[in-house]
Amino acid sequence: MTTASGEAVGMTATRARVRRRRLSLLDPRLAPFVFLFPFMSIFVVFRIWPLLQAVQMSFQDVQGVRVNRWIGLENYRGIFDNPDFMHAMANTFVYMIMTLIILIPLPLALSALLDRGRTWRPMAWRVAMFIPALTSLVVVTVIFRVVLAEDGLVNATLMAIGLPPQGWLTTASLTIPSLLILATWRWVGVNMLYFNSALVNVSRELYEAAEIDGARGWQVFWHITVPLVRPTIMFVLIISVIGGFQLFVEPFLLYAGGNSPGGSGLSMALLIYRTAFTSFKFGEAAAMGVVLAFVILLVSLLVFRLTGGTKALR
Amino acid sequence: MRRSGRSSKDEAALAPVGTSTAWSKLVIALLFLVLSVIFLAPIYWMTVGSMRPLGDLFTRTANIAPTGLSLDNYWRLFQEQPYGRWFLNSVTQSLGFATLTVAVCTMAGYALAKYRFRGNNLIFLGILASQMIPFYLLIVSLFVIIIQLGLKESYWGAIVPLAASPIGLFFMRVYCVSINDEMIDSARVDGANEYRIFWSIALPNLRPGLATLFILFALEYWNNLLWPLIVFLDKNNMPLAVGLAGVVNQYRVQYDLLLAGSALATLPIIALFFLLRRQFMEGASFTGTGVQ
């Protein structure tokens with residue numbers, strides 16, 4: 001009797017305590033959500049909500065902020081009839097693929113040359129190559145407008161060594177090469193840092209074993225180093241794909257008002273920016289953004305599949 | 001991401017493998033000497049050009065030596081543009097942005113690293129996946145949202161929408177995982193509440209990570225163009241990048257002033273970099289090629 005009622009009293013007391021604790025901000029179970037709250041509220045209001053709004057807008061005729069009319073797929077039909085859209089898509093793809101071709105093998109090879117005492121003061125060289133990454137893209141474009149100009153430093157150097165000067169910023173066929181020069185200058189040092197931290201983790205024994213087996217320089221690089229830094233190559237590949245698709249500041253500022261010769265530097269992002277903030281066609285800009293997001297997703301998934309998927313990331 | 005191997009101590013531990021002859025060492029050093037000259041030349045040219053009259057900037061015979069320099073361009077820059085304002089705006093907005101971002105990312109990263117609750121993984125993966133959404137898809141609706149919230153032309157409108165950074169969360173989560181669980185548990189046994197534990201146990205242990213992330217985000221804002229370009233139309237509120245971009249896109253571009261403005265925006269960062277090199281390089285390898 002006494003035990004039973006004692007238990008019952010004990011249980012109500014526990015339940016009451018649980019209830020009281022549930023209301024308290026100090027409850028340990030509540031803590032993670034308190035910690036997450038500021039991030040999540042910003043995330044939802046300024047990322048998820050605009051994402052949903054953008055998708056909605058892409059199906060609407062947006063006149064100013066309030067009057068929206070549903071027009072179905074009209075915006076999407078419009079952009080596929082727009083020659084600029086296809087042009088921008090092609091430019092963006094070419095640029096993105098070229099950055100992959102340059103900005104992965106080159107920094108990887110350079111980091112390998114600085115790995116494990118192959119030369120003196122590796123950190124000093126890494127720092128020198130990294131310094132361009134400290135410049136704002138606005139400053140980068142200012143510098144390259146000056147350096148690549150008709151009478152700029154690059155042409156002066158070319159002439160000094162007996163080569164013909166080029167119209168870097170005035171010839172349509174040199175637009176993408178100029179953008180690539182700029183990207184190489186700005187990003188090689190950053191990608192070298194990624195590869196450096198991957199190379200450091202390759203075990204010394206593997207290299208020694210390869211050497212005992214008679215492997216030399218290039219063979220070691222190709223058969224030991226490259227497979228072992230593959231996760232990092234994948235990571236750099238994916239961020240370069242995403243970054244390449246977002247090309248905006250460079251063509252926007254390298255040419256007055258983004259007007260590259262013959263539209264040869266028109267990127268997807270630049271086209272979206274113009275459609276929204278020059279032509280004020282918000283609905284069409286949103287539709288382009290949705291298409292671009294799907295393209296990025298598809299290409300990223302493709303890259304993922306081609307390079308061995310999640311397995312390679314581990 | 002692995003964090004090892006960037007300090008000079010680790011460098012020393014990695015003894016050379018195989019036979020690097022003095023010759024091959026020399027060839028590699030020469031290669032990097034040439035590359036470094038090429039990579040640093042544009043910065044040098046910007047600095048020298050910023051101290052020369054416009055006429056000396058575009059010539060077929062470049063004068064490489066640092067001669068004929070004066071600070072005239074700088075004085076004119078300050079007279080013709082509110083450069084001092086832009087600089088100050090950039091400093092306050094970058095510091096504000098870094099503070100806010102580090103605060104929210106650290107708390108969220110800690111929650112995801114150190115607490116087990118339903119949906120933990122789902123939240124983490126969802127936030128990471130959102131990194132793939134191109135910012136350009138969001139700008140139109142973000143623009144509408146900050147107008148509705150009355151945040152246009154305000155510092156808050158410029159910094160808050162970018163503060164929930166998936167990269168920052170990812171970075172801080174990695175750092176928080178490495179905090180010793182036993183320390184946390186023993187503090188719990190001693191009766192400290194969760195917030196006290198976060199404040200006096202987690203945060204002190206996170207100091208290097210906090211510094212790295214702070215520098216990373218301050219630099220990111222300092223260099224950011226697109227979002228502040230949309231938020232600010234008033235010349236007095238703009239940060240440096242937006243102000244300079246306005247000068248770049250003028251009909252007649254004043255390259256002499258622009259180079260002075262660019263040098264003033266860049267050289268302090270390079271100086272800061274040499275003071276805090278480790279944090280800079282660790283942070284930079286986290287954001288990667290153009291990811292915003």
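This is a predicted model: local features need pLDDT of at least 70, side-chain atom pairs count only at pLDDT 80 or more; totals for chains, interfaces and linings use all residues.
Reader: How do you know how much of chain A is buried?

Author: Chain A has 314 residues, and buried residues make up 55% of them. A residue is counted as buried if its relative accessible area is under 20%. The secondary structure of this chain comes to 16 helices and 2 strands. Of the contacts in chain A with a separation of 6 or more, 67% are accounted for by residues 24 or more positions apart.

Reader: What makes P122(A) buried or exposed?

Author: The relative accessible area of P122(A) is 13%. Buried means under 20%, so P122(A) is called buried. The residue is placed in helix α6 (residues 122–130) of chain A.

Reader: Why is S264(A) called buried?

Author: The value for S264(A) is 10%; the limit is under 20%, and S264(A) is therefore buried. S264(A) is found in the loop between α13 (249–254) and α14 (268–277) of chain A. Leaving aside residues up to four places away in sequence, S264(A) touches N91(A), A172(A), T175(A) and I176(A).

Reader: What does the side chain of S264(A) reach?

Author: The side chain of S264(A) reaches the backbone oxygen of P261(A) at 2.6 Å. A polar contact requires a pair of N or O atoms within 3.5 Å.

Reader: Why is the pair of F78(B) and Y83(B) called edge-to-face?

Author: A pair of aromatic rings is described by the distance of the centres and the angle of the planes. For F78(B) and Y83(B) the centres are 5.4 Å apart and the planes stand at 70°. Rings pair if their centres lie within 6.5 Å, and planes over 60 degrees apart count as edge-to-face; the pair is therefore edge-to-face. A search of the whole structure finds 34 aromatic pairs over all chains.

Reader: Which residues form one aromatic cluster?

Author: One aromatic cluster is formed by F248(A), F252(A), Y273(A), F277(A), F280(A), F282(A), Y136(B) and F143(B).

Reader: How do you know how much area chain B and chain A bury between them?

Author: The size of an interface is often given as the accessible area lost when the parts come together. For chain B and chain A this comes to about 10,200 Å², 76% of it on carbon and sulfur atoms. Helix α2 (residues 22–49) of chain B gives the largest share of the side of chain B that touches chain A, 18 residues. That side divides into 79 nonpolar, 23 polar and 7 charged residues. In all, 109 residues of chain B are in contact with 107 residues of chain A.

Reader: How many salt bridges and how many residue pairs in polar contact lie between chain B and chain A?

Author: The count of salt bridges between chain B and chain A is 0. There are 7 residue pairs in polar contact between the two chains, with both residues at pLDDT 80 or more.

Conventions: Residues are numbered from 1 along each chain as its sequence is written. Chains are lettered from A and ligands numbered from 1 in the order in which they are written. Side-chain values use heavy atoms; hydrogens and water are left out. Contact means heavy atoms within 4.5 Å. Buried area is the accessible area (1.4 Å probe) that two parts lose on being put together, summed over both. A salt bridge is a side-chain nitrogen of Lys or Arg within 4 Å of a carboxyl oxygen of Asp or Glu. A polar contact is a pair of N or O atoms within 3.5 Å; within protein, one must be able to donate a hydrogen and the other to accept it, and residues adjacent in sequence count only if both atoms are side-chain atoms. Helices (H or I, at least four residues) and strands (E, at least two) are DSSP runs, numbered from the N terminus. Ala, Val, Leu, Ile, Met, Phe, Trp, Tyr, Cys and Pro count as nonpolar, Asp, Glu, Lys and Arg as charged, and the others, Gly among them, as polar. Buried means under 20% relative accessible area, exposed over 50%, partly exposed in between (1.4 Å probe, protein chains only). Rings of Phe, Tyr and Trp (its six-membered ring) pair if their centres lie within 6.5 Å; planes under 30 degrees apart count as stacked, over 60 as edge-to-face and the rest as tilted.
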